[in-house]
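This briefing is meant for a reader who is coming to the structure for the first time. Please look over the sequence and the model shown here before reading on.

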Amino acid sequence: MILLDTHVLLWVLRGEDRLGSNAAQSIATRHPAHYSSVSVMEMTIKAMQGRLEIPGGVCVVLDDVGLRQLPWVGEHAEAMGEFPELAGHDPFDRALVAQAAAEQLTFLTADRRLLALDRPWILDATR
């Protein structure tokens, strides 16, 4: 099972070709593929700031393309403490990495800082 970083989620939603073939295959075959309620919050905030356009009812749209929502819970917040090296990094990214770790999910991202953590379960979404 996998969790998609927010930018990867947007690539899937928009049908962008930045997604690598291995990543696309993982999404297609490692069911269920998850998106986080944290990503929905991040996209909504950026949309409110005029920095991003998302479809209305984005959760329904994501569910319709076969993704499953993963809610944010207290145990995910506690898992953020496992990544002190991310203390100054984007809080949404910290939350998503912690959520993936807590749920033992593979995490697909193209974020170089997250990939540099060198965790075997954090995979490059461009490959």
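The side chains of Glu85 and Arg119 meet in a salt bridge, with N and O 3.1 Å apart; a salt bridge here is a side-chain nitrogen of Lys or Arg within 4 Å of a carboxyl oxygen of Asp or Glu. This pair links distant parts of the chain, 34 residues apart, with Glu85 in the loop between α5 (74-79) and α6 (91-103) and Arg119 in the loop between α7 (112-115) and β5 (122-124). The model is a predicted one, in which local features need pLDDT of at least 70 and side-chain atom pairs count only at pLDDT 80 or more, while totals for chains, interfaces and linings use all residues. Residues are numbered from 1 along each chain as its sequence is written, and side-chain values use heavy atoms, with hydrogens and water left out.

**Salt bridges**

- Glu85 is partly exposed at 35% relative accessibility, and Arg119 is partly exposed as well, at 26%; the term covers values between buried (under 20% relative accessible area) and exposed (over 50%), found with a 1.4 Å probe on protein chains only.
- A search of the whole structure finds 6 salt bridges, among them one between the side chains of Arg14 and Glu16, at 3.6 Å from N to O.
- Arg14 has a relative accessible area of 44% and is partly exposed, and Glu16, at 23%, is also counted as partly exposed.
- Arg14 and Glu16 belong with Arg18 to a network of linked salt bridges.
- Lys46 forms a salt bridge with Glu42, their closest N and O atoms being 3.0 Å apart, and the two residues are separated by about one helical turn because they lie 4 residues apart in helix α3.
- Within this pair, Lys46 is partly exposed at 25% relative accessibility, whereas Glu42 is buried at 5%.

**The largest pocket**

- The largest pocket holds about 170 Å³ of space, where a pocket is an open set of points on a 1 Å grid over the protein atoms alone at which a 1.4 Å probe fits, with protein on both sides within 12 Å along at least five of seven lines, and lining residues have an atom within 4 Å of a point.
- Its lining includes Asp5, Thr6, His7, Leu10, Arg51, Leu52, Asp90 and Asp93, together with Glu42, Met43 and Lys46.
- The elements that give two or more residues to this lining are α1 (6-14) and α3 (37-48), helices being DSSP runs of H or I with at least four residues and strands runs of E with at least two, numbered from the N terminus.
- By class, the lining of the largest pocket has 3 nonpolar, 2 polar and 6 charged residues.

**The sheet**

- An open sheet is formed by 5 parallel strands in the order β3-β2-β1-β4-β5, and two strands pair if DSSP finds at least two bridges between them.
- The edges are taken by β3 (68-70) and β5, each of which has a single partner strand, so one side of each is left without a neighbour in the sheet.
- Strand β4 (residues 106-109) pairs with β5 in the parallel sense over 3 bridges, and Thr109 has Asp124 in β5 as its bridge partner.

- Gln99, found in helix α6, is buried, with a relative accessible area of 0%.
- Gln99 and Met80 are 19 residues apart in sequence, and their C-alpha atoms are 8.0 Å apart in space.

Note on methods. Points joined across faces, edges and corners; volume = space filled by probe spheres on them. Nonpolar A, V, L, I, M, F, W, Y, C, P; charged D, E, K, R; others polar.
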